[in-house]
Amino acid sequence: MESMKRVRKAVFPVAGLGTRFLPATKAVPKEMLTVVDRPVIQYVVDEAREAGIEHFIFVTGRNKAVIEDHFDIQFELYDTLAQRGKDEQLARLQRLQPAPGQTSFTRQQVPMGLGHAVWCARELVGDEPFALLLPDMIMQSEKSCTKAMVELYEETGNNIIAVQECDPAEAHKYGIVGRGEDTHHGFRITEMVEKPKTGTAPSNLYINGRYILQPEIFGILEGQEKGAGNEIQLTDAMLKLEKQQAFYGYHYQGRTFDCGSPEGFVEANVAFALWRSDMNENMAGVIRTLLDEVSPSERRGAAF
């Protein structure tokens, strides 16, 4: 524990095609679709920043250059805002701006699964523990999920996985963990099962897209064979790492929105709009009006 390295880096796998959002994602990366007034990826980066992350590593693919541009300085925009006296907007953009050298980008090139995407970041991460945040999943809570995970890591010095409860009948849709003894602010993970058969899940605690992993995972991923979906699965590599190192679970109590699905994306927009003091009253009224005015038959007719 005395030589435990701090979690300074975070990996964001952003190479996915976003086919569930076509045609919106034909030219715009799904990570750049906006929830209220910020791209989805901005929420995830902000969560990592709140946890003390200093280096943001993006594993990208083709047609994702706009993500890199988003986290860069736009001199013309900043100058225009300054000249027009838009000081508040300018200050907000500058607060969100990573410092020079804080962002790195690498290409996955071939879509071979989450495990392969993580492996592509190996040279940028180096021999350090790192946070892994899936950008489709955005969180809403008073305290950052990743921040709480970092605190648990500092108590245990081991791998950390964030989990939440799901309906037991839905457990077969997720990666599920087995819960062991409570320790510190988490619990010992006794097993991990990817999409267990109905009725066989060790619990109803599903992995919600946030991890802190030791760098030894890269050596395992190096020789990892393809698994489900003919892709290199991160869960398969974690199961091997579990034989060498302990895994702990952090039971996250906030809201998680799966912005990789249209339903989750719309839900996130509603929830974050209602969460804002400058929008809450107006949006609550709009939602109530729409529920009263739009009949079930009209709702069915709007589907395509």
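Tutor: Begin with one side chain. This is a predicted model, where local features need pLDDT of at least 70, side-chain atom pairs count only at pLDDT 80 or more, and totals for chains, interfaces and linings use all residues. Residues are numbered from 1 along each chain as its sequence is written, and side-chain values use heavy atoms, with hydrogens and water left out.

Student: Is Gln 224 buried or exposed?

Tutor: Buried means under 20% relative accessible area, exposed over 50%, and partly exposed in between (1.4 Å probe, protein chains only). Gln 224 has a relative accessible area of 10%, so this residue is buried.

Student: What else does Gln 224 contact, leaving aside neighbours within four places in sequence?

Tutor: Contact means heavy atoms within 4.5 Å. With those neighbours left aside, the residues touching Gln 224 are Ile 232, Gln 233, Asp 236, Ala 237 and Lys 240.

Student: How do helices H3 and H4 run relative to each other?

Tutor: Axes are lines fitted to C-alpha atoms, for helices over the stretch in contact, and angles run from 0 to 180 degrees between N-to-C directions. The axes of H3 (residues 75-83) and H4 (residues 87-96) come within 8 Å and cross at roughly 150°. Angles under 35 degrees count as roughly parallel, over 145 as roughly antiparallel, 65 to 115 as roughly perpendicular and the rest as oblique. So H3 is, relative to H4, roughly antiparallel.

Student: And what is the class make-up of the contact of H3 with H4?

Tutor: H3 brings Leu 77, Tyr 78, Leu 81 and Ala 82, while H4 brings Gln 89, Leu 90, Leu 93 and Gln 94. Ala, Val, Leu, Ile, Met, Phe, Trp, Tyr, Cys and Pro count as nonpolar, Asp, Glu, Lys and Arg as charged, and the others, Gly among them, as polar. The count is six nonpolar, two polar and no charged residues.

Student: What is the orientation of H10 to H11?

Tutor: H10 (residues 262-275) and H11 (residues 280-293) pack with axes 7 Å apart, at an angle of about 135°. That angle makes H10, relative to H11, oblique.

Student: How many residues of helix H1 are buried?

Tutor: H1 covers residues 40-50 and is mostly covered. Its buried residues include Val 40, Ile 41 and Tyr 43.

Student: Which residue is joined to Pro 23 by a cis peptide bond?

Tutor: Most residues other than glycine have a negative phi, and most peptide bonds are trans. Pro 23 lies in the loop between strand E1 (9-13) and strand E2 (34-35). With omega about 5°, the cis partner of Pro 23 is Leu 22.

Student: What phi does Gln 109 take?

Tutor: Gln 109 lies in the loop between strand E5 (103-107) and helix H5 (114-119). At 59% relative accessibility, Gln 109 is exposed. Its phi is positive, in a residue other than glycine, and near 70°.

Technical notes: Helices (H or I, at least four residues) and strands (E, at least two) are DSSP runs, numbered from the N terminus.
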